[in-house]
Amino acid sequence: MRSESLSWSRRDLLTAGGLVVAFSCLSSSRALSQLAGGGEGGAGPKVVAPDLPGSLRSFPLLDAWIRIDPEGRATVFTGKAELGQGIVTALWQVAAEELDLPAARVEIVTADSARTPDEGVTSGSHSMQDSGTAIANAAANVRMLLVAKAAKLWEIETVQITTDGLGTFVAPDGRRVDYGTLASKLSLHVSAIEDVPRRDPNRYRTMGRSLPRRDIPAKLTGGAIYVQDMRLPGMLHARVVRGPSVGTALKEADFDTAGRMPGVVKIVRNGKFAAIVARSEWQAIAALRFLQRRPWYRVE
Amino acid sequence: MTITLHVNGRDHTLEADPSTPLLYVLRGDLELNGAKYGCGLGQCGACTVQVDGRAVFSCLTPIAALEGRQIRTVEGLGTVDQPSRLQAAFLTEQAAQCGYCVAGMIMRAQALLDEKQHPTEADIRSHMDANLCRCGTHMRILRAIRRAAGLPSTEGF
């Protein structure tokens, strides 16, 4: 059974009260795309590496997720957004743990369309499932490649090398090399592999501990942290003109007078749609309120 | 009209319609992010700031009423590096989920602490009644205020 032939809606299923068990033997791209980055409300980008965990399926290259500068500081990229659910802190802990770096030496960039992987929407408890597993695996891959580099440098086996949790690899004879030195000799523009050595949970240093949330300080001090705090050069403000309540519309709206009100730059009209654009937010609201004083009618 | 508003210890002279609610001047003209638009009706408290020490809804207070008054927003309390006692208490208690209400919560609580150095639990609860947190962080917020007021945490209360 191909997933495309499944056209039952949630309502159909609830009405029928039945049990539907579906499985797919064919790796249709649509079925796979539903596995990565989608969450509620739509699939993420195309799957190119179906065997990798989470959003690595769509973005398998390590440097899409993690970069390490010559000073040994890591920058981690996630396509999931912090909404107060604490995900930026949780993902930061995951990255620090699997890199085995102190959390203070890991920076994390969230949901930046120019810099981070496109992980679709942030909802449906998918952030840890998709981004967390991708970052954990990518970080473990990066650590594995750094260990391999150290092993080559010292001409010893990789299994003999340990990390001290402070940004240094250590050989059994006490020789040490820091992450930055090794990273500067290494390209992370390579694909992750699935079967990668992971940190032993019994030796976790950062995961499983309660760290202060990274987003809270700005929220307590008026920092720019919500989309409402974004101010662009020459930014204007708009309000959509609607009736006074759901299911209503204005009749005979006096757009001419509204268009002459202070600060009003433009009235956008397209069929039954109208919006007011003004220099300041309050000027847009004042013009909207003026228009809403006119009579209204019930829409069918 | 031209109006001078005294915000966080500084005078700001600006051009605005006298009916403009303070919130829009704080966010739009002065680019202060702390006070938030929530309901625009004085029903949620996200826009709360202090005027002459008292907690007011900035979404409902026209600037015409504010010349010569001392306006204080959360930016006037402290910074990330040097938070005020109350902000530090919110940080210690991690008293925010989405955090949209929290600047308003802090400013309402500050008004109480400015008026009463040692408020009781009942004082805190009745004073904070006007501000809502949709995420349900109220218990942490109350713990943060108790902490700043030097009251015992009263775990589980």
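Author: Begin with contact, which means heavy atoms within 4.5 Å. By that rule, 27 residues of chain B are in contact with 21 residues of chain A. This is a predicted model, in which local features need pLDDT of at least 70, side-chain atom pairs count only at pLDDT 80 or more, and totals for chains, interfaces and linings use all residues. Residues are numbered from 1 along each chain as its sequence is written, chains are lettered from A and ligands numbered from 1 in the order in which they are written, and side-chain values use heavy atoms, with hydrogens and water left out.

Reader: How much area do chain B and chain A bury between them?

Author: Buried area is the accessible area (1.4 Å probe) that two parts lose on being put together, summed over both. Here the two chains bury about 2,000 Å², with 57% of it on carbon and sulfur atoms. Of the area that chain B buries against chain A, 26% comes from Tyr24(B), Asn33(B) and Gln94(B), more than from any other three residues.

Reader: How many salt bridges does the rule find across the interface of chain B and chain A?

Author: A salt bridge needs a side-chain nitrogen of Lys or Arg within 4 Å of a carboxyl oxygen of Asp or Glu. The rule finds 1 across this interface. A salt bridge joins the side chains of Asp229(A) and Arg27(B), at 2.7 Å from N to O.

Reader: How many residue pairs are in polar contact between chain B and chain A?

Author: A polar contact is a pair of N or O atoms within 3.5 Å; within protein, one must be able to donate a hydrogen and the other to accept it, and residues adjacent in sequence count only if both atoms are side-chain atoms. Between chain B and chain A there are 13 such residue pairs, both residues at pLDDT 80 or more. By class, the side of chain B that touches chain A has 13 nonpolar, 10 polar and 4 charged residues. Ala, Val, Leu, Ile, Met, Phe, Trp, Tyr, Cys and Pro count as nonpolar, Asp, Glu, Lys and Arg as charged, and the others, Gly among them, as polar.

Reader: In which sense do strand 1 and strand 2 of chain B pair?

Author: Strands of a sheet pair through backbone hydrogen bonds, either parallel or antiparallel. Helices (H or I, at least four residues) and strands (E, at least two) are DSSP runs, numbered from the N terminus, and two strands pair if DSSP finds at least two bridges between them. In chain B, strand 1 (residues 2-7) and strand 2 (residues 10-15) are antiparallel over 6 bridges. Ile3(B) has Leu14(B) as its bridge partner in strand 2. The two strands form a hairpin with 2 residues between them, and Asn8(B) in the turn has a positive phi of about 50°. Strand 1 of chain B also pairs with strand 5 (residues 70-72) of chain B, in the parallel sense over 2 bridges.
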